[in-house]
Amino acid sequence: MNRTATLSWNRVAIYAALIFFSLIYLAPFAVVLLNSVRDVREIVGSSAIGFPKELRLSNWSAAWNSYCINGHCAGIAPFIWNSLAITVPATLISTMLGALNGYSLALWRFKGDNFVFALVVMGIFLPEQMKLIPWATVLAELGLSNTAMGLVFIHSIQGMSFATLFCRNYYLAIPPELLKAAHIDGAGFFRIFWHIVLPLSPPILIVTVIWQFTSIWNEFLYGVTFTSGEQQPVTAALVALTSQIAQAPEFGIQSAAVVLAALPTLLVYIFGGRFFVRGLTAGAVK
Amino acid sequence: MWFKRVLPHLVIWPPLAVSVFYVVSYTLWTTWLSFTDSQQFASNNWVGWRNYASIIGQSKVHTAYTNLLIYGFGFVVLTSLIGLLLAVLVDQRIKAENLFRSIFLYPMALSFIVTGTVWSWILNPGLGIQKLVRNLGWTDFQFNWIVDRDMAIYTIIIVAAWQASGFAMALFLAGLRSVDADIVKAAEIDGASAARTYVSVIFPCMAPMFVTVFVLLLQFAIKTFDLVWVLTAGGPGIATALPTLVVYDYMFERGQLGRGSAAAVLMLSTLLLVVVPYWLWRRRRATA
Amino acid sequence: MASFRMRRREFLIGSAAAVAAASGAAKAAPQPRITVSSQWAAGNDGKAMDALGKLFTDAGGAWKHNPVPGGTSGLMNKIRAEMIAKAAPAASQLKGPEIAAWSKTYPTVDLNGIVAGAGFEALMPKEIVDLHKPFGNWIAIPAQVFRTNTLFLSKKAMEKVGENTIPKTWDDFNSLASKMQAKGIATPLAAGGLAWDHGQKFEFALSGISIESYRAAIMRLEDDALKGCDVLDAFKQLRRLANFWDPGAAGQHYSVLMPRFMSGDMGIIMHGGMAEGVAKFSGFSPDDYLVGNTPQNSGPPAFDLNADSFIFWQQKDEDLQEGQKLLAKTVMSPAFGPAFSGITGSIPVRSDVDMKSAAFTDNQREAARAFSEAIKNKTVILSLGQNMAQTAQITSAMLDVLAEFVSDKGMTAEAGQKKLVSAVADNR
């Protein structure tokens with residue numbers, strides 16, 4: 001940790017290692033990007049790894065708005081809007097409720113709060129496959145079957161487990177003196193939440209939002225099962241694309257679609273990555 | 001005013017109650033089903049331990065748990081090692097820290113469907129690396145782990161580690177940055193080398209973070225489904241079966257909800273084996 | 001005129017409110033309406049569904065196809081969720097013994113009257129009829145038939161070994177494949193690496209050795225037959241086959257290998273008629289390969305049957321009930337075969353369809369001829385790999401064993417057979 005040495009061998013080694021790892025991390029993405037402008041026959045004939053002989057930019061436009069997925073020839077674009085319409089509200093709701101849960105569990109201690117917390121957190125360990133039929137039953141009872149609202153509902157509730165875990169652990173670090181002082185001033189549950197806890201929350205809320213957004217965006221099993229046709233999220237469309245392989249492997253269009261479908265979460269991580277680490281440092285997971 | 005006193009309760013309890021109820025009821029319901037002869041739908045015919053007896057005898061289930069052992073251990077160790085190394089590298093006051101961090105973190109943003117598809121191209125001997133090298137002229141080159149029943153599970157470890165090590169890096173980086181700077185400085189003044197400082201001063205300070213990383217990665221490993229589904233579909237043969245795939249297979253491919261539930265309960269019990277000790281450890285730490 | 005009719009049809013499909021507002025007459029008799037859920041999302045399957053949709057709308061119905069990605073389990077998960085919500089689709093794709101299994105879980109439509117009216121039952125073998133009226137009533141309608149045990153030989157590969165005859169018995173087959181290996185075709189058999197594909201190879205082997213043993217062991221699950229020497233021989237043949245195919249195809253769909261087959265880098269495909277559709281899709285013509293049935297050691301060849309069907313779930317709405325009747329009629333109509341099978345490469349269910357129609361290829365005609373021949377000879381059997389012989393739970397258990405057997409070259413045929421017997425016993 002020599003601050004003064006600007007370019008010692010040490011530094012060279014560090015950058016060399018970083019660049020080496022970067023290349024490994026980027027390689028699969030590069031493969032997809034290159035394939036997205038290659039011709040199918042070229043890919044099948046040579047290898048899935050390679051430079052395009054000629055640029056097939058048409059793959060991109062086809063993937064975006066004209067390729068037939070599941071009988072709808074409008075590309076992947078409508079599915080991306082569907083996913084946004086599901087992911088954004090579910091992320092906001094689960095984060096909000098999780099913050100509230102975290103607040104009451106961390107700062108309004110009650111008898112057995114640790115046990116309650118343990119039960120809530122157990123939610124993150126339940127495998128998706130196991131919850132499929134219970135969710136179907138709940139959605140049916142609520143009349144939300146086969147609607148995007150149903151998915152928002154599921155993800156809002158499931159999402160609370162992780163959101164509660166993150167927020168509760170973060171709020172534990174708020175000095176109790178602060179709350180005591182507020183209490184003495186006569187501030188109640190909501191006042192303390194609004195004026196003390198929430199202003200301190202941005203780092204953890206950002207972590208939670210990033211986490212929820214990516215996991216809801218990338219969820220597939222419920223998306224396929226609980227919506228149909230034109231309402232399906234983008235992961236369902238991607239699976240439909242991959243299963244089309246039986247007829248004609250459209251690696252080029254598939255690659256372009258894969259990149260398009262991943263863009264929102266990629267952007268979230270690229271622009272939010274800095275806050276993600278900062279929020280974790282501030283005590284999201286202890 | 002009574003309303004003012006009641007209102008907080010009205011706000012606190014519903015979300016808590018819902019999150020607890022959802023976890024408890026789904027778990028209990030699955031446990032109940034595991035003792036019934038449920039097929040496509042839930043039935044209430046009690047069959048005792050029959051479902052458990054049946055699945056415990058299956059070679060696929062044995063393979064799945066052996067694989068989970070190999071995969072869980074390999075994945076957690078490899079991912080933590082790479083994550084720690086990357087965190088230390090990124091923590092060297094480097095230029096373009098944002099860029100490097102984003103590069104290491106981006107796989108976490110992708111769905112397993114995506115990464116699984118891409119890696120299946122790369123690893124497929126007829127399409128990926130093997131084909132590429134052979135096309136370049138080295139015609140005997142072999143890289144066919146994904147279709148080799150003894151090696152396939154290791155390729156899944158590699159792909160999963162690629163995907164998750166950035167996340168481990170982020171956690172470790174957070175750990176590194178919360179270590180008291182004075183302690184580090186003191187070690188430097190004592191003349192300890194950088195490597196020594198890390199191993200004997202910094203890492204011990206962030207021991208809790210190690211545990212957190214292990215536990216998060218382990219639950220991730222146990223829940224792995226999509227990745228394997230897309231990469232190998234559990235094959236070749238049944239060589240890469242994992243407990244989640246067994247649950248899915250019984251519940252939905254075969255329409256044997258009872259047996260599938262038994263498999264799910266077994267899986268949850270494995271999870272508890274990991275999580276309960278962690279909790280006890282945390283509580284001891286909290287009270288100490 | 002045509003354009004006017006088009007517009008009118010589209011108009012009718014529009015919201016009921018709009019129709020009601022536009023004309024009082026539309027209210028009197030509800031327009032038949034249908035929602036069909038299937039896995040047929042893409043390629044030829046998707047096109048064939050569109051063709052069915054066109055027949056249906058031409059007959060005056062409002063059509064909605066709802067393709068579900070994620071294979072059979074994906075489709076059935078979706079339908080299960082809809083059943084829990086008491087909102088099953090009016091019709092959905094389902095096949096084989098699963099028709100009987102699922103019909104116990106949700107009320108189905110009694111189609112007896114419509115089927116009798118169409119004189120449909122007399123046009124097909126008992127094997128198909130039994131699957132669609134499992135408990136005495138017709139509840140599902142078969143849409144198309146495939147012969148899964150079709151043998152394709154690459155002409156380029158055949159030239160390399162100087163052969164042009166289709167092998168008759170498994171011995172002929174093995175010597176042909178060995179010859180190809182000797183001539184540098186390292187893996188002559190183009191086989192996919194998925195469990196159902198392995199299952200098909202096993203059923204070809206067993207039914208080619210003895211049709212009676214196949215029926216007893218696989219279709220009736222008789223213990224003696226399962227433990228018998230024909231099943232053991234089938235395991236041995238499966239091992240030989242596994243040694244002829246490329247283990248690098250593990251996890252891959254057979255269609256990925258099509259270019260290698262056509263170029264003569266591989267020589268043999270054993271698969272249903274849909275392989276022809278795949279070949280066409282990849283830009284190859286029927287002149288590039290020879291077609292026959294997979295080897296049969298003695299007697300007339302087996303016809304290894306795969307059939308796709310639609311099952312009809314009870315509905316409350318009158319327009320959906322009308323739609324179900326109309327769909328059943330449409331699928332049973334003589335016009336359906338050429339329109340649907342013409343695209344997918346299958347054989348029409350009705351034995352009275354004119355196969356001379358330009359909609360069919362020579363190979364489809366040959367398969368149709370083999371089908372009627374097999375009905376006469378009583379050599380129709382139901383495919384294991386295509387989920388026709390057993391319910392999903394037994395099929396999956398058996399396929400697990402077969403997939404494990406082919407991937408583990410150290411496992412003996414005897415050990416494989418033992419595992420198969422216990423898998424069946426455990427899931428019966």
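Author: UniProt positions follow the numbering used here, and an annotation may be inferred rather than shown by experiment. Keep one more thing in mind: this model is predicted.

Reader: Which residues of chain B does UniProt list for "domain: ABC transmembrane type-1"?

Author: UniProt lists residues 65-278 of chain B under that name, in an unreviewed entry. In the model, that stretch of chain B is 73% helix and 0% strand. Its end C-alpha atoms are 21 Å apart.

Reader: On to chain A. Which domains does the assignment give it?

Author: The assignment gives domain 1 (9-59) and domain 2 (77-236 + 254-281) of chain A. Taken over C-alpha atoms, the centres of domain 1 and domain 2 of chain A are separated by 34 Å. Domain 1 of chain A puts 5 residues into their contact, and domain 2 of chain A puts in 4 residues. On the domain 1 side, α1(A) gives the most, with 3 residues. That side of domain 1 of chain A has 2 nonpolar, 3 polar and no charged residues.

Reader: How many residues do chain A and chain B bring to their contact?

Author: Chain A brings 64 residues and chain B brings 69 residues. On the side of chain A that touches chain B, the elements giving two or more residues include α1 (9-35), α4 (77-107), α7 (148-171) and α13 (251-281) of chain A. The largest share, 14 residues, comes from α13(A). By class, this side of chain A has 43 nonpolar, 18 polar and 3 charged residues.

Reader: At what angle do α7(A) and α1(B) pack?

Author: Angles of 65 to 115 degrees count as roughly perpendicular. α7(A) and helix α1 (residues 2-33) of chain B pack at about 105°. The two helices, α7(A) and α1(B), are therefore roughly perpendicular to each other. Their axes are 9 Å apart.

Reader: Which residues of α7(A) and α1(B) meet?

Author: From α7(A) come A:Ile157, A:Met160, A:Ser161 and A:Thr164. They meet B:Pro15, B:Val18, B:Ser19 and B:Tyr22 in α1(B). The contact of these two helices has 5 nonpolar, 3 polar and no charged residues.

Reader: Now chain C. How many helices and strands does chain C have?

Author: Chain C has 21 helices and 9 strands.

Reader: What radius of gyration does chain C have, and what would a compact globule have?

Author: A compact globule with 428 residues would have a radius of gyration near 22 Å. Chain C has 23 Å, which agrees. Along the principal axes, the C-alpha atoms of chain C fill a box of roughly 75 × 45 × 40 Å.

How values were computed:
Residues are numbered from 1 along each chain as its sequence is written. Chains are lettered from A and ligands numbered from 1 in the order in which they are written. This is a predicted model: local features need pLDDT of at least 70, side-chain atom pairs count only at pLDDT 80 or more; totals for chains, interfaces and linings use all residues. Two residues are in contact if their C-beta atoms, placed from the backbone, lie within 7 Å. Helices (H or I, at least four residues) and strands (E, at least two) are DSSP runs, numbered from the N terminus. Ala, Val, Leu, Ile, Met, Phe, Trp, Tyr, Cys and Pro count as nonpolar, Asp, Glu, Lys and Arg as charged, and the others, Gly among them, as polar. Domain bounds come from an automatic or database domain assignment. Axes are lines fitted to C-alpha atoms, for helices over the stretch in contact, and angles run from 0 to 180 degrees between N-to-C directions. Angles under 35 degrees count as roughly parallel, over 145 as roughly antiparallel, 65 to 115 as roughly perpendicular and the rest as oblique. The radius of gyration is taken over C-alpha atoms; the globule rule is 2.2 Å times the number of residues to the power 0.38.
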